[in-house]
Amino acid sequence: MTKPRIDFYFDVVSPYSWIGFEVLQKLEPKWKDVSIHYIPFSLRQVMVTSGNRPPAMLPARSIMLMLDVQRTSKFWDIPLNVPPEFKKWIMKYSTVGAMKLLLVLEKQDPDLMLRAAREMWMRLWSRSEKIFEDQDYMEVLKVVGVKNPEEIIKKSKEEKYEKILEENTNKALDTNAYGAPWINVTTSDGEEHSFFGSDRFNLIADLLGQPQPLPDKYSNSKL
Ligand SMILES: N[C@@H](CCC(=O)N[C@@H](CS)C(=O)NCC(=O)O)C(=O)O
């Protein structure tokens, strides 16, 4: 019997990844016997390889997505605001650079990586600030207290990090990933179960026999 494991694949371009990340962070102290891993991957690569299309490409879906992320984030008390320029930005830029930066930070300190990921979501999905270029990375790294931001940014452009991002993405694709967040759960009997979305934690709690997630407003014990 092994400890159950959750692999949470995310990309900071994805608002539902942010919501899933915050829900999982709240659950983590309660789900004591579960080993939780936050894994940066590339949603763009997932879309291309799986043959899926970004939700914003279909107008009706895009309208629902923008409404639904707002009501879901309100439910969880996450300060999400849809960036007015999102569609324009996403045609022009990608978050691959930001994700590679997270991989460098993860090697130094996994907790630092999580703080930087949250700051990236806060920038893009709360304050409508870019996370696509070196000057944006500089600001993120300063906020999380990195002393040598130039060095970290330079490192993130090494081929090694491109490879790690690709490997992470391929691991998710091997389990038929087509979106984000993508969550792989390994139960203590070694069985693997894949889930798509930030709204699957009730099922995961049930599968693992762990406490159910609830927003703070419905829970005296804060989840
Ligand atoms: N119902 C899911 C939706 C997740 C979702 O739509 N994720 C987007 C990225 S932010 C995606 O990858 N969509 C691909 C698809 O819907 O096929 C949730 O609440 O988290």
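Arg-115 is found in helix H6, which covers residues 110-125, and in this predicted model Arg-115 counts as partly exposed, with a relative accessibility of 37%. Although Arg-115 and Val-143 are separated by 28 residues in sequence, their C-alpha atoms are 9.3 Å apart in space.

**Overall architecture**

The protein chain holds 10 helices and four strands, and read from the N terminus these elements follow the order β-α-β-α-α-α-α-α-α-α-α-β-β-α. The radius of gyration of the protein chain is 17 Å, close to the 17 Å that the globule rule gives for 223 residues, so the chain is as compact as a globular protein of that length.

When contacts between residues at least 6 apart in sequence are considered, 69% of them join residues that are at least 24 apart. The charged side chains number 31 positive and 31 negative, and the centres of these two sets lie 4 Å apart.

**The annotated serine and a buried asparagine**

According to an unreviewed UniProt entry, the annotation "active site" covers Ser-14. In the model, Ser-14 is found in the loop between strand S1 (5-10) and helix H1 (15-27), and its relative accessibility of 5% falls under the 20% cut-off, so Ser-14 counts as buried. Leaving aside residues up to four places away in sequence, Ser-14 touches Leu-43, Trp-121, Trp-125, Ala-180 and Pro-181.

Asn-168 lies in helix H9, which is made up of residues 159-174, and Asn-168 likewise counts as buried, at 10% relative accessibility. With residues up to four places away in sequence again left out, the contacts of Asn-168 are Tyr-9, Ile-39, Pro-40, Phe-41 and Leu-103.

| Residue | Relative accessibility | Class |
|---|---|---|
| Ser-14 | 5% | buried |
| Asn-168 | 10% | buried |
| Arg-115 | 37% | partly exposed |

Technical notes:
Residues numbered from 1 in each chain as written. Predicted model: local features only at pLDDT ≥ 70, side-chain atom pairs only at ≥ 80, totals over all residues. Heavy atoms only, no water. Helix = DSSP H or I, 4+ residues; strand = E, 2+ residues; numbered from the N terminus. Rg over C-alpha atoms; globule rule 2.2 N^0.38 Å. Contact = heavy atoms within 4.5 Å. Lys, Arg positive; Asp, Glu negative; His and termini not counted. Charge placed at Lys NZ, Arg CZ, Asp CG, Glu CD. UniProt positions renumbered as here; feature names shortened; annotations may be inferred. Buried < 20%, exposed > 50% of the residue type's maximum accessible area, 1.4 Å probe, protein only.
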